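Subject: Structure handover and notes

Hello,

Here is the structure for your files. My notes come after it.

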Amino acid sequence: MGYQPAPFITFEGGEGTGKSTQIRAFAALLSHHGIPCLVTREPGGSAGAEKIRSLIVEGDVGRWDVLTEYLLLSASRRDHLVKTIKPALAAGTWVLCDRYIDSSRVYQRLRGLDAHVIEEIYAQLSEGMEPDLTFIFDLDPGVGLARAAARREGEDRFEQLGLSFHKEVRNAFLELRKTFAARCCVVDASLSLKDLTEILWHEAETRFLKKDAV
Ligand code: TYD
């Protein structure tokens, strides 16, 4: 399939929106079409970043102040980018990433970190790289939190922040779509897995596989 360089696609949204299940279904469809792809996640996605992950997602909400939290996320993101994402893209492999910088633009911003700090550190670690396409999974946070609580043990540092925080998370993701309109695509996460997979495929095909794709 002739798209060079391969696209970097991120999956964003609140807790329990079904992103992770959806990524696997989408990856299976890409493989079926003969497209090489790699599924990865943040925090994590490389050996070093996975070590940092437990520091970020486990423990009490107040374990870190928000700048420390963002520095940990940024260290893990840098390692992930250098060791996993960039080599895969350079080899022509599509990268599907469960959460990335937009999660910081929403969660760490809502926890009080200055937007300039977020952008300056990200610019340094990424050398200006942004995803090519971002799916924002939109869902009523009441439904999402209930789903997340039912499946998770230990990794609930952010879920502890409660429903009103997660309503703000939903709104902030919808705002982000306006800032990064060209690459952001909001999807209704209450749809069936099959319907969502079709929407994702249509979007990716239009952008990256059609002959006149830019
Ligand atoms: P994750 O395990 O992907 O949760 P989910 O299955 O709900 O997507 O992410 C763990 C938590 O880390 C999630 O609550 C959001 C938070 N997070 C941030 O606050 N900032 C970030 O930059 C990232 C990547 C995640």
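The notes below cover the ligand site, the sheet, the core and a few backbone details.

The model is a predicted one, and every value here was computed from its coordinates.

**Ligand site**

The shell around the ligand is made of 16 residues, and the closest include Lys 19, Arg 53, Arg 99, Ser 104 and Gln 108. By class, that shell divides into 8 charged, 5 nonpolar and 3 polar residues. Three helices each contribute at least two residues to the shell: H2 (47-57), H3 (66-90) and H4 (101-110). H4 gives the most, with 4 residues.

- Arg 53: an N or O atom of the side chain is 2.8 Å from an oxygen atom of the ligand.
- Arg 99: a polar side-chain atom is 2.9 Å from a ligand oxygen.
- Arg 77: the distance from a side-chain N or O atom to an oxygen atom of the ligand is 3.0 Å.

On its own the ligand has 540 Å² of accessible area, and the protein covers 96% of that.

**Strands**

Strand E1 (residues 8-13) runs parallel to E4, and 5 bridges join them. Within that pairing, Phe 11 has Phe 135 of E4 as its bridge partner. E1 also runs parallel to E3, with 4 bridges; there, Phe 8 is partnered with Val 95 of E3.

Asp 138 stands opposite Asp 188 of E5.

How many residues of E3 are buried? The count is 5 of 5, so E3 is largely enclosed by the rest of the structure. Trp 94, Leu 96 and Asp 98 lie on one side of E3, Val 95 and Cys 97 lie on the other, and all are buried.

Strand E4 (residues 133-138) is mostly covered too, with 6 of its 6 residues buried. Leu 133, Phe 135 and Phe 137 point one way from E4, while Thr 134, Ile 136 and Asp 138 point the other way.

**Nonpolar core**

The largest nonpolar core has 38 residues, and those with the most contacts inside it are Ile 9, Phe 11, Phe 26 and Phe 135. The elements that give it two or more residues are the strands E1, E3 (94-98), E4 and E5, and the helices H1 (19-32), H3, H5 (115-126) and H8 (193-209). H3 gives the most to this core, with 6 residues. In soluble globular proteins, nonpolar side chains tend to be buried together. Two of the residues with the most contacts in the core, Phe 11 and Phe 135, are also the bridge partners noted above for E1 and E4.

**Backbone details**

The peptide bond from Glu 42 to Pro 43 is cis, with omega near -10°. Pro 43 is in the loop between strand E2 (37-41) and H2. Pro 43 and Asp 98 are 55 residues apart in sequence, yet their C-alpha atoms are 8.8 Å apart in space. Asp 98 lies in strand E3.

Why does Asp 98 count as buried? Its relative accessible area is 11%, and the cut-off for buried is under 20%.

Two residues other than glycine have a positive phi. For Arg 99, phi is near 75°; for Glu 127, phi is about 55°. Both are in loops: Arg 99 between E3 and H4, Glu 127 between H5 and E4.

Are these two buried or exposed? Arg 99 counts as buried because its relative accessibility is 13%. Glu 127, at a relative accessible area of 55%, is exposed.

Regards

Terms used
Residues are numbered from 1 along each chain as its sequence is written. This is a predicted model: local features need pLDDT of at least 70, side-chain atom pairs count only at pLDDT 80 or more; totals for chains, interfaces and linings use all residues. Side-chain values use heavy atoms; hydrogens and water are left out. A residue is near a molecule or strand if one of its heavy atoms lies within 4 Å of it. A polar contact is a pair of N or O atoms within 3.5 Å; within protein, one must be able to donate a hydrogen and the other to accept it, and residues adjacent in sequence count only if both atoms are side-chain atoms. Accessible areas come from the Shrake-Rupley method with a 1.4 Å probe; for residues, only the protein chains shown count as cover. Ala, Val, Leu, Ile, Met, Phe, Trp, Tyr, Cys and Pro count as nonpolar, Asp, Glu, Lys and Arg as charged, and the others, Gly among them, as polar. Buried means under 20% relative accessible area, exposed over 50%, partly exposed in between (1.4 Å probe, protein chains only). Two strands pair if DSSP finds at least two bridges between them. A nonpolar core is a set of buried Ala, Val, Leu, Ile, Met, Phe, Trp, Tyr and Cys residues joined through side-chain atoms within 4.5 Å.
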